[in-house]
Amino acid sequence: MNTFESRKKSREFNEKLIKLALISAATISILTTFGILFSILFEAIEFFKLRSFWYFITGTTWSPGVIGSQFGALPIFAGTFVITIIALGVAIPIGLGSAIYMSEYASPKVRDYLKPLLEILAGIPSVVYGFFAAITVAPLVVKAAEMVGLEATFNSALASGIVMGIMIIPTISSLSDDVIRAVPDSQRKAAFGLGMTHGETIKDIVLPSAMPGIISASLLALSKALGETMVVVMAAGLRPNLSWNPLEDMTTVTVTIVNALVGDFEFSSPETLSAFALGLILFIVTLILNMISLSLIRKFKEKYKVNTL
Amino acid sequence: MIRRKKQKINNNPFYDPNLKARHTSAKRFKKFTLTSLIFSIAFLGFFLFDIIGKGIPAFHVAYIQVDVTYNEKSLDDTRFAVDKKYRDVVSRAWLRDIPLLVKENPNFMNTTLTTWVLADDQVDQYLKGHNHKLKENEIAFVDELNAQGLIERKFNTIFFTNGDSKIPEYAGLFSAIVGSILTLIITMVVAFPIGVMTAIYLEEFAGDNKFTRFIEININNLAAIPAILFGLLGLAIFINLFGIPRSSPLVGGLTLALMTLPIIIVSSRAALRAVPDSIRQAGYGLGLNKIQVTKDHVLPLAFPGILTGSILGLAHAMGETAPLIIIGMIAFIPDAPSTVTQAATVMPAQLFTWAGMPEGMYIEKTAAGIMVLLTILISLNTIAIYLRKKFEVKW
């Protein structure tokens, strides 16, 4: 009896130990998020001790590395915005169109072949897209612009925007496809019963029902485009340029972060710390976008009672 | 006949005069969706065609048959090993390695051997019909050699056995491949156990409470944080706070591990959830406790799914570049690292460095490197899909 109790005790102790190990493993994901937040936040605070926050947000001159350097990030935000808009302009129609075709028109067999093909696009590393944008697409853009009598630079915002758009097609198409398929079939049948054509059923019934999921996918794609680094580092410009012309060169938040950190500046210099200030803005914006996206998809899941998303 | 048909239409209470237009619009919509899908696939085709077209030439490189003299003088200044007229057309880097060659083969000393010597990158580019910087007289000389059959294009073994080099024809992927392997070993050693343990906790042990939900939201967010911010974390915490050497596979592996974690957790949870409850209940019925049930019954059944997810996570980490640039893994690494604390570079970072070089041969090698990288990634994905298919259990 005694040995039985001691064995039970040691087993209970072991159980507690294992459970503790499991909990601490789960905590690491939390630690990582906070690690990112605080490591960026503290360095960004250091930066704002040196330079004004207000000028950082609204200033139009970004000139690191010179005497009297200024850190006005508005042209950088503008460049990021322009490239992201181009990317979404490419990715949303194509991604959504592909998703609709796969979920509504294609036979299951065709779909089984098409979906992995689109997923290859998602599996290609971004450095490869960057190489493709810089070596192949950028000269094509220059040539195309020449043909219509315009002048484009070899690191135009258009080239990197288009390639980035293609890169995020799978983000939109894959999630939208799942969402559209999760819309209950009864809705489609009711629409057919009322004499609607297939096109009308999709446009007026299925898509509005799936809209929260589609918006969620688009927000996720937006956050991905904002944070994408390699394509713009390799194909977009380095010059902060406050312009709306997509044929000019522009720089983005991520490009500026990379350039600030691969330079030969001291870690405590405002040049290096400015990367963390930009990183903080990027973190906050993408976090908000992700939160909205997640809550939209959760609401969709609750409404149609699906667990497969 | 015609009149009757018209009458029929007019009498039909369901007749909609817009019906034809509506059907056309439906067809147009279908065409639009098909076009967008075809565009995505066509892009993939164009992309692969373009990369392969650019990369294939790099797998062959020009060699020139030259008399190489091995003596004191040529060991001292390796340019004297070949005749003066050849000096500008053979590779400087190849000649620079002559002392090493003599060290390995002492009987070469004081002999003159006819050898296939690696050509200069400009000669190689000229022969491939790309942009080159050869002068008129050099072009004539190369053409003459070519006509005599003294130039041959051989398989580019250098590309797979050398590290990076400042001389284009001598640059290879080897040290980057070793760097990638070391980095990914660290990544998996850290991310796999933590990821699986987190998944087990969330699926098997945790109740539905605030803490669990917080972890879940956290993991979802972590998956969507831009990669470059993980680089900032690595720089600020691993390098500046913990003092891990910059550019080392250790710091790169740890950073990538944090990025791979969400992928492993999500796929492991899905695999654990797919194991039916009857297995667990049968275990409890036999008097097993929770840990025994999980360890001996649920985990083995979920393992193929966990493995598949981990391989996909590994493939993802393998192609990641941005955070590694931030932590300095784009250093110039001619020799492969042998420990995880030495400076190293990884394959995608090496490709990034080459893509920024002005010489045509580096561009060619970048495309070839992309082919190697994509081949590895596609193989990993195929293995993952194969494993899933092979061990998939239908409950």
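## The nonpolar core

In this predicted model, the largest nonpolar core has 206 residues, among which A:A133, A:V163 and B:V90 touch the most other members. A nonpolar core is here a set of buried Ala, Val, Leu, Ile, Met, Phe, Trp, Tyr and Cys residues joined through C-beta atoms within 7 Å, and a residue is buried if 20 or more other C-beta atoms lie within 10 Å of its own, exposed if 12 or fewer, and partly exposed in between, with C-beta atoms placed from the backbone. Helix α9 (residues 174-205) of chain B gives the most to this core, with 17 residues. Because domain 1 (57-103 + 111-156) and domain 2 (174-391) of chain B both give residues to this core, the core lies between them; such domain bounds come from an automatic or database domain assignment.

Leaving out residues up to four places away in sequence, B:V90 touches B:I64, B:V66, B:V82, B:L95, B:V117, B:L118, B:A119 and B:D120, where contact requires that the C-beta atoms of two residues, placed from the backbone, lie within 7 Å.

## Basis of the model

Residues are numbered from 1 along each chain as its sequence is written, while chains are lettered from A and ligands numbered from 1 in the order in which they are written. As the model is predicted, local features need pLDDT of at least 70 and side-chain atom pairs count only at pLDDT 80 or more, whereas totals for chains, interfaces and linings use all residues.

## Chain B: fold and domains

Chain B has 17 helices and three strands, the helices (H or I, at least four residues) and strands (E, at least two) being DSSP runs numbered from the N terminus. Its radius of gyration is 31 Å, well over the 21 Å that the globule rule gives for 395 residues, so chain B is more spread out than a compact globule; this radius is taken over C-alpha atoms, and the rule is 2.2 Å times the number of residues to the power 0.38. The C-alpha trace of chain B spans about 95 × 85 × 40 Å along its principal axes, and 44% of the 395 residues count as buried.

The C-alpha centres of domain 1 and domain 2 of chain B lie 44 Å apart, and the contact between them takes eight residues from domain 1 and seven residues from domain 2. Strand β1 (residues 60-70) of chain B pairs in the antiparallel sense with strand β3 (residues 151-155) over five bridges and with strand β2 (residues 111-118) over eight bridges, pairing being assigned if DSSP finds at least two bridges between two strands. B:H60 has B:F155 in β3(B) as its bridge partner, and B:Y63 has B:L118 in β2(B).

## The contact between the chains

The contact takes 68 residues from chain A and 64 residues from chain B. Helix α1 (residues 2-50) of chain A supplies the largest share of the side of chain A that touches chain B, namely 18 residues. That side divides into 43 nonpolar, 20 polar and five charged residues, with Ala, Val, Leu, Ile, Met, Phe, Trp, Tyr, Cys and Pro counted as nonpolar, Asp, Glu, Lys and Arg as charged, and the others, Gly among them, as polar.

A:E15 lies in helix α1 of chain A and, with 14 C-beta neighbours inside 10 Å, counts as partly exposed. Leaving aside neighbours within four places in sequence, A:E15 is in contact with B:N289 and B:I291.

## A covered helix in chain A

Helix α10 (residues 253-262) of chain A is mostly covered, with eight of its 10 residues buried. What covers these buried residues includes α3 (74-105) and α11 (270-304) of chain A, together with α11 (227-241) and α15 (322-326) of chain B.
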